[in-house]
Amino acid sequence: MSDKELISSNQMIVSVDELKEKGFSLYKINQLAEQGLLRKLNKKFYENTNFQGAESDFYYAYAYVPFGVICLMSAAVFYDLTTYRPDGIDVAIQRKARVSTLPDWPEIQLYYYTDDRYELGIETIEDGSNRFHIYNVEKTVVDIVFYREKIGIEETKEILINYLKRSNRNLNKLIRYADQMKCGDVMRNYLEVLV
């Protein structure tokens, strides 16, 4: 693959391993960075400065925390459940996980989840070669209800109301997740009031 083909790529974030698979040596990768075609994010990932597709800050979150999952208010924004816009990207990681470097921008706010909470409801969103992990809509709503004191009662109510308006909502899955995450009674109370 030529440098020009890399530049016209539809990939916003590219890993060193992916570049090596395309035939680039570390020397050549460094040259591309010096030429401004790549911008080094950390030891494992570069940003393609000539990316032409739709940008998402979530791709950066994947580069800095590849095992992280977009959660809470950031996921609620992704699913159009709220008009609130968080200052940073909410990312869930396992309690024992460690992150060595976080960027100044975009701000990434880490939430340490137990294994059970972390593993439930993960989806991978892919757009060409770009990807990030996010909790599905039901898991997002359950997490918002579970952390309602931290999120805010009004924000929680708005998210639940908007979820209930969705034609593709799955209340059985929502209740099942809530029971698994030990907030089933609270979820049922909200639903009784709102439905």
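**Overall picture**

Keep in mind that this is a predicted model. The chain folds into 11 helices and eight strands. Along the principal axes, its C-alpha atoms fill a box of roughly 60 × 35 × 25 Å. Of the 195 residues, 48% are buried. The exposed surface comes to about 10,500 Å², with carbon and sulfur atoms supplying 46% of that area. As for contacts with a separation of 6 or more, 57% of them link residues 24 or more positions apart.

**The three-stranded sheet**

Three strands make an open sheet in the order β1-β3-β2, and the pairing is antiparallel. The edge positions go to β1 (13-15) and β2 (38-40); each has a single partner strand, so one side of each has no neighbour in the sheet. On average, and ignoring direction, neighbouring strands here are turned by 35 degrees against each other. Three bridges hold the antiparallel pair of β1 and β3 (residues 45-48). If you want a landmark in that pair, look for isoleucine 13, which sits opposite glutamate 47 of β3.

Between α2 (16-21) and α3 (26-34) there's a loop that contains lysine 22. Is lysine 22 buried, partly exposed or exposed? Its relative accessibility is 26%, so it counts as partly exposed. Lysine 22 and tyrosine 59 are 37 residues apart along the chain, and their C-alpha atoms are separated by 20 Å.

**The β7-β8 hairpin**

Further along, β7 and β8 form a hairpin with two residues between them. Glycine 128, in the turn, has a positive phi of about 65 degrees. The two strands, β7 (residues 122-127) and β8, run antiparallel and are joined by six bridges. How much of strand β8 (residues 130-135) is buried? Five of its six residues are, so the rest of the structure largely encloses this strand.

**Nonpolar cores**

The largest nonpolar core takes in 54 residues, and Ile70 and Met187 have the most contacts inside it. Helix α4 (residues 57-64) is the biggest contributor, giving seven residues to this core. Another core, of nine residues, lies apart from it; Phe24, Ile29, Leu32 and Leu38 are among its members.

Leaving aside residues up to four places away in sequence, methionine 187 touches Val141, Val142, Val145, Leu160, Leu174, Ile175 and Ala178.

**Cysteines**

There are zero disulfides in the structure. For scale, a disulfide needs the two sulfur atoms within 2.5 Å.

| Residue | Relative accessibility | Class |
|---|---|---|
| Cysteine 71 | 0% | buried |
| Cysteine 183 | 4% | buried |
| Lysine 22 | 26% | partly exposed |

The reasoning behind the classes is simple: buried means under 20% relative accessible area. At 0%, cysteine 71 therefore counts as buried, and at 4%, so does cysteine 183.

Conventions
Residues numbered from 1 in each chain as written. Predicted model: local features only at pLDDT ≥ 70, side-chain atom pairs only at ≥ 80, totals over all residues. Heavy atoms only, no water. Pairing = 2+ DSSP bridges. Helix = DSSP H or I, 4+ residues; strand = E, 2+ residues; numbered from the N terminus. Axes fitted to C-alpha atoms, helices over the stretch in contact; angles between N-to-C directions. Buried < 20%, exposed > 50% of the residue type's maximum accessible area, 1.4 Å probe, protein only. Core = buried A, V, L, I, M, F, W, Y, C linked by side-chain atoms within 4.5 Å. Contact = heavy atoms within 4.5 Å. Areas by Shrake-Rupley, 256 points an atom, 1.4 Å probe, with all protein chains shown as cover.
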